[in-house]
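These are my notes on two chains, taken entry by entry.

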Amino acid sequence: MRIRPLSILLAISLAAAAQQPGKKPATTTVTGHVYLADTNTPARLATVMLEPAAALDNDPDPHPPKDRSASLVYTSAVQTLLDGSFTIPKVAPGAYYVVAYKSGYLSPLSTFSEDALQHPTADDHKRIATILPRIVVEARLPASVDVRLERGSAISGTVLYDDGSPASGLPVHALVRRKDGKKETWSPLRPMPFALMADVYTDDLGRYRLTGLESREYLVRVDLNLQHMDFASAPGESGGSSSVNNVASLAFYSGSATRRADATPFKLTANEERSGEDITIPIAKLHTITGEVVAEHDGHVLNQGNVKLLDPDDKSEVESSKVERADGKFHLFFVPEGNYIFHVDNAADVTYEDVPYPPGTLPPTHEEAHTIHAYGTADQPLNLHDDAPTIVLSVPEKGAPSLPKQTAASQ
Amino acid sequence: MRPWPLLFLPLFTLAASAQNSSAAKPGTGTVTGHVYCADTNAPSRVASVQLEPVKDTKRSGTSHFSGDAPASGISRTGFDGSFTLAKVPPGSYYVVASAQGYLSPMPNDDESDDVEPQPPPGQPAVVIPRVDVQADQAASIDIRLERGAAISGAVRFDDGSPASGVMVMVLHRSKDKWVPSTPQVPFAAPVPPATDDVGHYRVSGLRDRDYVLMAILSRTDFESRGARTTGLFGVERSSLRIYSGDTPHISDAVPIKLGPGEERSGEDITIPLSKFHSISGVVTATGDGHAINSGHLAIEDPNDKEDIVDAELGSDGAFHLEGVPEGTYTLRVQNPRDQRIQEISVAGQQAFTNEKTLHQYGDLEQSIKVEGDIPNLVLTVSQRPQDHPTAAQ
């Protein structure tokens, strides 16, 4: 079974890939127990792994390797036995943080962003050092460490459509506010490695439960992806290929908001069992927009263009579409009521040419677009409160300023 | 094989002019329709719809699922329950709709991937809607999904603590065996589901019949296979199963009878830790006694010939089986072999691994009496005689 690599491991393995495979360094065994702090009972079938400390802090290694090959890290992850004990074989000498995971319990690294773990700041180092047990492993000397897991808080609720029927089978995420570079963003918690706590989905009654959360502010997000999966098989060939085509990707937030900016964050206290965080998906307030991109000087319809719907406040993209090859129109599905800005770019008159692939390839040809005339960009406001079937977006000649225009959905 | 971007699929659309509103492939048809929930009369949203070709067989005259790939992909219904499947080759199809919590004709099938499901005696047949697709025509069909029954409960250890992360499957009787019947819904969450942090599970979309629950406690270690390989490989080091009635023996399982659409809660399973013993040890080769690093171990109940616990050997050659109650069992070592993990680098950077068998040993089968923990069991396997033709003479 091939599993998804943990990002930290990936980084280490890539670094190791530059080295020559040489003689195996002397290794040892790390044993220990994992306990549940709230009940003082063994943590059964918890996952334990060693994260090389060098990857997470800048402290000089107390036992710097003599040759580079000795720094090769054979990281592994094991599950505890029914008495909470674990044995990690073949651990190379060095300093490690001991990370244990168990559903319902705090997983200390989950609140760090990928970026913080790849390039930790001094503050990140300090936080990591205070929350994770650290051990130093020496060659041929068995090491032992015990880990206590603290129970986390939980959020549960039900996701319903606005007619009261359950929204089943949808992924639900807890979002936390954290720094991404200089910007503060709301982003999902880091998933546990090995899909131990893979995405949480609503059940057939629309219920969800998110657990193992630390005390801080959260938003809950439900994702709704409408997809079409196409299968294709070549005549006379076994097997085939499939492609997933996203028709629409929608997100709904705590407080039944359709935009993150309108969502209602809430503070989770330690050991809180917070229920009733219900989300309603307001289908009645989602609309479809259809329209054309035309040239400003003569009003003829352009057959290429990207149309983005932007949030008027922070100019973030809400949804985007392209002028369809088939009908010369753009389509935006399930757009929540409200004010937006249309942004058009890459608008052009184009012709399509059939370009062959090398012989023996399937499909034998593909289409390439050739630009006859490219146009400039345009921004146009939209007040959406109903389905909007006839939007016309004018784009100016390249370099010419766009004339301000008002678009209302009910025109 | 080159992945096909969706846009390139309509090979014949060049002929179609830009004004043509549909990019339909000539000679194919379209199937449209709605999916409704029969219990609420509401549209079934984000349900999956696919077409399965009907194959008439000469021998029985009954219709079969072909087992081929779906004819035209899988579509998800919109908020009004509507779906469109385009570019469908002409022919007869079953329209298979699936939504979480609802009965779907295909997934609950007995082991008959290719036979139309038959209802239990005295029960009305599950009608699978059929549609005939003709070239350049649009066929329309509406589907009503019946709500299925559901089982929920909690899995606990016998000290009262919740057993989280335990897979729970439902089994139904087919001929004289219990077989898995957990519904699979395309695009939906992976099944079987694992218990949550308080040990709770729920399985829905079940037909009315007898079921047995199976809780699987699996302990998997993840090993690195070498310095040049990214990612870790999972090895199941121990796997034990507890059935309805809190027993590790499937022959002692207590079946649960579900009525149509029944909502059954409180079907709890207790894992009897205090009755469990563990068996630890190593598998070695005759002669030099080195540890064997690959192979499968199983503890079988000699009465019903079902495995109680099984495991894979790890790279250290050791095993640690948990969850064996007192009793006499058959211990098997299957496919024991010395294995070397070869790393193969691609372009000097990325690498993958290849398992190379250096020596193959014969399977081992012996009786084992368990009265308490067995901490240091040494099992010895020998070279298979056919690997040494000279020795046989």
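**Entry 1.** I looked up B:Ile74 and found it buried, because 22 other C-beta atoms lie within 10 Å. I call a residue buried if 20 or more other C-beta atoms lie within 10 Å of its own, exposed if 12 or fewer, and partly exposed in between, with C-beta atoms placed from the backbone. B:Ile74 sits in strand β4 (residues 74–76) of chain B. Helices (H or I, at least four residues) and strands (E, at least two) are DSSP runs, numbered from the N terminus. I also checked B:Ile74 against B:Arg144: they are 70 residues apart in sequence and 18 Å apart in space, C-alpha to C-alpha.

**Entry 2.** I noted the basis of the coordinates: this is a predicted model, in which local features need pLDDT of at least 70 and side-chain atom pairs count only at pLDDT 80 or more, while totals for chains, interfaces and linings use all residues. Residues are numbered from 1 along each chain as its sequence is written, and chains are lettered from A and ligands numbered from 1 in the order in which they are written.

**Entry 3.** I traced an open sheet of three strands in chain B, ordered β5-β1-β8 with mixed pairing. Its edge strands, each pairing on one side only, are β5 (82–88) and β8 (138–145) of chain B. From one strand to the next the twist averages 20°; for such angles, axes are lines fitted to C-alpha atoms, for helices over the stretch in contact, and values run from 0 to 180 degrees between N-to-C directions. Two strands pair if DSSP finds at least two bridges between them. Strand β1 (residues 29–37) of chain B is parallel to β8(B), with eight bridges. I located B:Ala138 in β8(B) as the bridge partner of B:Thr30.

**Entry 4.** Why is strand β12 (residues 200–206) of chain B largely enclosed by the rest of the structure? I found five of the seven residues of β12(B) buried, so the strand is largely enclosed. Strand β9 (residues 149–157) of chain B runs antiparallel to β12(B), joined by five bridges. Within β12(B), B:Arg202 is the bridge partner of B:Ser152.

- Chain B has one helix and 25 strands, and 35% of its 393 residues are buried.
- Chain A has four helices and 27 strands, and 34% of its 411 residues are buried.
- Of the contacts (C-beta atoms, placed from the backbone, within 7 Å) with a separation of 6 or more in chain B, 70% join residues 24 or more positions apart.
- In chain A, that share is 72%.

Definitions and conventions:
Contact = placed C-beta atoms within 7 Å.
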